[in-house]
Amino acid sequence: MLTFILVTLAEASNITIQEALFPFVQLCSVLLAIAYRYILHPKRASATTRHVVATALGLSIGFYCYAWSMFHVLLHATLGLVLMKFLNRRYMAIVVFIVIMTHLSIEHIRKMLTTDASFGLHHETPMMMMTMKITSLAYGLHDSYSGDISKQHPKQRRVVVRKFPSLLEYFSFTFNFHTFLVGPGLFFTDYIDYIEGKHIVPYKIKDKDGKEIIIHKEPPTLRSGLSKAAFCLVSIVIVILLNKSYTPEHSITEEALNASVLYRTWLMVVIMNVITCKYMFAIGSADIVCIAAGFGFNGYDEHGTPKWDLVNSVNFWKFWVATDVNDNIGNWNMSVIRWLKYVCYYRIPFHKDKFTVLLSAVWHGFYPGHYWTLFLNMMMGTKASRKIRLYREQFTIQTQAGKVVYYCICYIFNTVLLNYLSFAHFLAYNEYIVTYYSSVYFWCHILMVAVLLILPPIKKTPREKIVNDIDPASKPTSDGDVTAQSLSKEKHD
């Protein structure tokens with residue numbers, strides 16, 4: 001029955017069965033999540049029952065998508081459990097981190113040698129998600145063993161794991177159907193609180209008159225889920241319509257290389273937006289699964305609006321309207337950023353940025369494009385973008401029309417810059433990367449070098465009102481969000 005529905009979906013969308021598999025499974029996961037929330041609500045089902053069902057559904061989805069390759073993922077989880085259980089507590093976390101990252105790296109290399117860099121369902125993806133879970137759990141246990149918790153970063157203290165998980169808790173955490181395929185990343189304490197119903201606690205909010213009201217119940221998920229679903233729907237429609245016509249390889253065809261630099265730049269932007277929509281659908285649909293299951297509730301903001309951002313991975317709107325590369329980074333793949341900060345940035349005593357970026361690169365794999373993007377393009381791009389932003393904040397625009405024109409100019413420039421910086425990641429191979437960048441004369445690289453070397457440095461001043469007026473992505477985020485800045489901003493925490 002499932003196969004028949006999958007084939008029908010693929011034929012109706014004019015895509016391959018492999019391409020239709022992921023959205024089909026995510027749709028099924030959303031339906032399962034809704035049933036899970038209402039039938040197995042913490043008030044109606046025990047924690048054990050919720051653990052068993054979440055694990056069984058996750059394993060079923062895994063074997064349905066990956067068949068025998070699923071045993072690589074099972075090995076990955078078992079390795080982590082055995083090491084955490086039997087190693088000395090003093091060095092357990094670092095050994096778990098090294099072994100789990102090594103196993104993931106071996107699978108990345110195997111994939112490079114046996115398949116191409118095209119999109120598709122590969123078992124390395126759930127292994128990447130599981131790596132985040134296992135290493136964060138190991139460090140959560142380590143932090144509880146390491147003595148004075150008060151000296152740790154506040155975000156480390158929040159997710160300290162004070163008791164070693166049972167076998168069922170561990171495999172439920174690593175294989176739960178909510179986050180198995182593509183995340184989002186989560187912390188063990190948050191997951192256990194959700195399973196046991198401890199996330200539903202009284203919250204104090206103020207009404208319009210300033211009177212305090214105590215709310216005891218979990219808020220509805222419909223509004224938050226539907227807003228993400230709308231973005232996901234638009235994203236998947238764009239992918240279905242444009243995916244076959246705009247792939248990274250199209251940018252280095254003879255036809256494209258014989259066209260003007262302006263056309264090649266425009267083609268790159270279109271290709272990157274199609275790719276972004278793919279990721280938007282994948283990450284956004286994973287967020288929807290969690291919200292539909294009631295996982296991710298993070299209290300209320302100062303206006304009494306419920307926040308479903310505990311395991312949020314992407315702020316769709318803030319990402320799309322940003323006029324600064326750092327804002328794009330801060331609102332994209334946020335659960336991965338949280339993990340990178342937790343296991344690396346908060347713990348490394350020196351060169352925090354460099355080691356964190358290195359970990360991100362290795363976690364993503366070993367295609368040359370990842371290292372072009374993270375170590376060359378993004379490092380230069382974020383620094384140049386930050387310097388340009390300091391200059392932007394030195395003046396104000398009085399008229400609303402002027403603000404709109406100014407925003408449009410900044411938005412177009414930032415969109416081109418961000419897509420240019422990220423394009424190497426998806427071209428993947430050195431030959432393709434050099435071919436494309438040389439065809440556009442490395443113009444963006446030259447511009448970034450000029451900004452960094454020629455523009456004189458200026459002192460950072462408080463943001464002018466114009467920034468918040470015209471750039472929605474630059475407005476402050478809630479405490480549950482990753483701040484809309486690059487990792488280096490954490491130096492000032």
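Why are Arg110 and Glu107 separated by about one helical turn? Arg110 and Glu107 are three residues apart in helix 5 (residues 92-114), so about one helical turn lies between them. Helices (H or I, at least four residues) and strands (E, at least two) are DSSP runs, numbered from the N terminus.

The model is predicted: local features need pLDDT of at least 70, side-chain atom pairs count only at pLDDT 80 or more, and totals for chains, interfaces and linings use all residues. Residues are numbered from 1 along each chain as its sequence is written, and side-chain values use heavy atoms, with hydrogens and water left out.

**Salt bridges**

A salt bridge is a side-chain nitrogen of Lys or Arg within 4 Å of a carboxyl oxygen of Asp or Glu. The count by this rule is eight, including the pairs in the table.

| Pair | Closest N and O atoms |
|---|---|
| Arg110 and Glu107 | 3.2 Å |
| Lys228 and Asp287 | 3.3 Å |
| Arg389 and Asp324 | 3.4 Å |

Buried means under 20% relative accessible area, exposed over 50%, and partly exposed in between (1.4 Å probe, protein chains only). Glu107 is buried at 5%, whereas Arg110, at 31% relative accessibility, is partly exposed.

Lys228 forms a salt bridge with Asp287. This pair links distant parts of the chain, with Lys228 in helix 10 and Asp287 in helix 12 (residues 261-292), 59 residues apart. Both Lys228 and Asp287 are buried.

Arg389 forms a salt bridge with Asp324. This pair also links distant parts of the chain: Arg389 is in helix 17 (residues 368-392) and Asp324 is in the loop between helix 13 (316-321) and helix 14 (325-330), 65 residues apart. Arg389 is buried at 6% relative accessibility, and Asp324 is buried at 1%.

Helix 9 (residues 188-196) is largely enclosed by the rest of the structure, because seven of its nine residues are buried. Among them are Phe188, Tyr191 and Tyr194. The buried residues of helix 9 pack against helix 2, helix 3 (47-66), helix 6 (124-145), helix 7 (154-158) and helix 8 (167-175). Gly197, with a positive phi near 80°, follows helix 9.

Thr221 lies in the loop between strand 2 (212-215) and helix 10 (222-242). Thr221 is buried, with a relative accessible area of 11%. Beyond its neighbours within four places in sequence, Thr221 is in contact (heavy atoms within 4.5 Å) with Arg37, Ile291 and Trp308.
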